[in-house]
Amino acid sequence: MYEPIRTKSVHQVADDGAFPHRSREEELDIQLAGHLSSLLAVTDELALHEAAEAIAVQVARLRGAPPARHAARSGADSTALHRRAHALAGRALVVAASRADTAAAILAAERMDAHAAALGGRPLVGTP
C-alpha cells in the first residue's frame, strides 16, 4: 500500500555542538541572580540600605559584576513593597536551596523574616 522511503529525510536532528549549552548549575545561578536582583530593587525602594548591600554582594558573586541599583524612590505603598519583597525572597530561597547555596539561602530567609515582621501580622497573600 505504501512505498518505502528511499531518500534521506530532510529532517535531521540538530548538531549538539551548534549552540552553547548551560549546565543546571549555571541555569540556577542565573535564576537566583535574577530573583535577588528583583529583591534588591524592592529593597532599595524601601531604603533598607544594609540589607540592600548584603543582597548586592550576593548578586555580584553570582553574576561576576556589581548589580544595577535602583536610582530613586517611587513613593509606592510600603505594605505592597514588603509583600513583594517577601515573595521575591521566598523565590530566591527556593532556588538557593535547590542549588545548595547556603549564603544566599540564609540571606533570603532573613529577608523573608524581616519583611514578614515589617508587615506586623498583616496577611502576606491576598488583598490588603
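This is a predicted model: local features need pLDDT of at least 70, side-chain atom pairs count only at pLDDT 80 or more; totals for chains, interfaces and linings use all residues.
**View 1. Helices H1 and H3 are roughly antiparallel to each other.** That label applies because angles over 145 degrees count as roughly antiparallel, and the axes of H1 and H3 cross at roughly 160°, coming within 9 Å. Here axes are lines fitted to C-alpha atoms over the stretch in contact, with angles from 0 to 180 degrees between N-to-C directions.

Residues are numbered from 1 along each chain as its sequence is written, and side-chain values use heavy atoms, leaving out hydrogens and water.

**View 2. Follow helix H3 from residue 78 to residue 99.** Helices are DSSP runs (H or I) of at least four residues, numbered from the N terminus. At 1.5 Å times one less than its number of residues, H3 should span 32 Å, and its end C-alpha atoms are 31 Å apart, which agrees. Just after H3, alanine 100 has a positive phi of about 60°.

View 3. Alanine 96 is buried, with a relative accessible area of 0%; buried means under 20%, using a 1.4 Å probe and protein chains only. Beyond its neighbours within four places in sequence, alanine 96 touches Leu32, Asp101, Ala104 and Ala105. Glutamine 31 is 65 residues from alanine 96 in sequence, yet 9.4 Å away in space, C-alpha to C-alpha.

Technical notes: Helices (H or I, at least four residues) and strands (E, at least two) are DSSP runs, numbered from the N terminus. Angles under 35 degrees count as roughly parallel, over 145 as roughly antiparallel, 65 to 115 as roughly perpendicular and the rest as oblique. Buried means under 20% relative accessible area, exposed over 50%, partly exposed in between (1.4 Å probe, protein chains only). Contact means heavy atoms within 4.5 Å.
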